[in-house]
Amino acid sequence: MTLSCFDLGEKMLSVDEARQALATLIERPLDSEQVPLAQAHGRRLATEVLATLNVPQNTNAAMDGVALALAREGVGAKQTHWPVAGEVLAGQYRSEMVPAGHCVRITTGAPLPPGTDTVVMSEQLREPSDEQPEHVIIESPERLKHGQHVRQAGEDMAIGDTALAAGSRLDAAKLGLLASLGYATVTVCQRPKVAIFSTGNEVTAPGEPIAPAGVYDANRFTLIGMLAEYGADVIDLGILPDEQDAIQTALEQAAQQSDLVITSGGVSVGQADFTRTALQQLGRLAFWRVALRPGRPMACGWLGEQHTPFVGLPGNPVAVMVTFLQFVTPLLDRLQGLPVSPPHRLYAIADDVLKSRLKRTDFIRGVYHTDGEGQLHVRSTGAQGSGILTSMVAANCLIELADDQDGAQPGEVVSIQPLTGWL
């Protein structure tokens with residue numbers, strides 16, 4: 001049984017323990033809504049979708065050419081001259097039986113008329129002679145294969161099949177599939193509304209003059225981008241000063257407007273970290289140390305009587321991204337009715353020495369590639385400080401060295417989490 005995040009005290013947690021415990025903050029998934037198919041890209045299905053018709057609807061031609069009445073006994077085995085009994089174009093349906101030993105001209109996608117079962121492409125036909133203008137001549141009829149170049153009705157999906165499972169994220173291919181089944185609207189989960197803000201007197205909005213000891217607010221824009229990529233609606237509350245009243249007011253408002261509140265920085269025990277105190281005034285707080293790098297100090301809990309989940313991420317830019325991918329994305333999944341699942345992982349051969357230490361999970365920014373034999377390799381991006389945001393720009397994966405590893409040598413197989421296509 002998974003322990004609640006409030007049952008773990010302030011002990012050091014593993015990444016997996018933190019991931020599972022955080023998910024208990026979500027008491028119920030969001031409601032569903034119907035949206036037009038054209039507006040459904042990136043949304044998650046709230047219910048499974050069934051095929052309402054066969055796909056394809058009719059047995060049809062996969063090539064331009066002629067459809068032969070070949071299947072019946074004694075017909076077509078060595079026949080070279082085939083009388084033409086008509087034509088069927090895409091979008092047309094012919095219900096009249098094609099006589100044995102005859103054919104019809106047909107275009108790609110057109111339904112095969114009754115009696116026909118095999119298609120010969122145009123490139124394998126000879127033009128008819130003047131003496132037999134209503135015939136076609138098939139080159140090498142002995143090479144005919146019964147059923148060739150035919151797409152069977154329902155070979156992609158049959159009526160009643162599950163086309164897409166509940167929870168599926170609708171990408172371009174899935175939208176096309178739904179359209180092919182005739183769906184004009186779909187039932188999807190509501191978008192999670194996520195409130196974010198940054199804290200700190202030193203934090204400056206991009207475009208504003210920066211003080212000698214100031215830093216520009218990278219974290220808020222990183223979170224805006226990652227939340228948008230995940231399909232959440234962002235409520236941006238900006239930058240708050242290191243004042244408990246201001247932070248507490250913002251948290252109260254955020255809890256009422258959103259399904260999840262995320263902050264970066266201000267959750268440690270430092271003298272000027274007021275977020276933790278404000279949280280304790282407004283709801284129930286759990287404060288953790290997680291055995292990972294980059295990351296470690298995190299806060300979580302509920303805000304207000306409505307129990308709006310809150311996650312306080314570390315302040316360093318890379319740590320924000322790493323902890324978001326490990327801990328926030330499962331919360332967003334839970335809000336949309338999905339179970340907690342581990343990140344998508346691949347395995348690659350290390351090309352250089354990777355440093356780690358036991359009892360801590362290290363996430364090293366990496367670049368993976370395939371060699372000439374198709375084997376996956378990975379290398380570090382270089383310096384791995386949690387403030388080196390260029391390491392995330394250069395990376396296409398996180399190299400995950402688990403808490404039972406004390407590093408990896410060149411040639412060892414390591415686990416990686418791709419950063420592209422991670423949705």
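Me: What does H6 lie across, and at what angle does H6 run to S18?

Reply: In this predicted model, H6 lies across S14, S18, S19 (283-290), S21 and S22. The angle to S18 is about 175 degrees.

Me: What makes H1 roughly parallel to H6?

Reply: The axes of H1 (residues 15-22) and H6 (residues 317-335) cross at roughly 25 degrees. The cut-off for roughly parallel is under 35 degrees, so H1 is roughly parallel to H6. The two axes come within 9 Å. Their crossing is right-handed.

Me: Which residues of H1 and H6 make the contact?

Reply: H1 brings Val 15, Ala 18, Arg 19 and Leu 22. H6 brings Gln 326, Phe 327, Pro 330 and Leu 331. By class that is 6 nonpolar, 1 polar and 1 charged. Arg counts as charged, so Arg 19 is the charged one.

Me: How do H3 and H6 pack, and at what angle?

Reply: H3 (residues 218-229) and H6 have axes 11 Å apart, at about 35 degrees. The crossing is right-handed. On the H3 side, the contact uses Asn 219, Thr 222, Leu 223, Met 226 and Leu 227. On the H6 side, it uses Pro 317, Val 320, Met 321, Phe 324, Leu 325 and Leu 332. The tally is 9 nonpolar, 2 polar and no charged residues.

Me: Why do S1 and S17 stand at the edges?

Reply: The sheet is open, with 7 strands in the order S1-S19-S21-S22-S18-S14-S17 and mixed pairing. S1 (12-13) and S17 (233-240) each have a single partner strand, so one side of each lacks a neighbour in the sheet.

Me: How do you know that S14 and S18 pair?

Reply: Pairing needs at least two bridges. S14 (residues 193-199) and S18 (residues 260-264) are joined by 5 bridges, so they pair. The two run parallel. Ala 195 stands opposite Val 261 in S18.

Me: Which strands does H4 touch?

Reply: H4 (residues 244-257) touches S14, S17, S18, S21 (297-303) and S22 (308-313). Its direction makes about 175 degrees with that of S17.

Me: Why is the aromatic pair of Phe 6 and Trp 302 called tilted?

Reply: The structure holds 1 aromatic pair. Its planes stand at 55 degrees, with 4.9 Å centre to centre. Stacked means under 30 degrees, edge-to-face over 60, and the rest is tilted.

Me: What does the pair of Phe 6 and Trp 302 tie together?

Reply: Phe 6 lies in the segment before S1, and Trp 302 in S21, so the pair ties together parts 296 residues apart in sequence.

Notes. Residues numbered from 1 in each chain as written. Predicted model: local features only at pLDDT ≥ 70, side-chain atom pairs only at ≥ 80, totals over all residues. Heavy atoms only, no water. Axes fitted to C-alpha atoms, helices over the stretch in contact; angles between N-to-C directions. Helix = DSSP H or I, 4+ residues; strand = E, 2+ residues; numbered from the N terminus. Parallel < 35°, antiparallel > 145°, perpendicular 65-115°, else oblique. Left-handed = near helix turned anticlockwise from the far one by under 90°. Contact = heavy atoms within 4.5 Å. Phe/Tyr/Trp six-rings, centres within 6.5 Å; stacked < 30°, edge-to-face > 60°.
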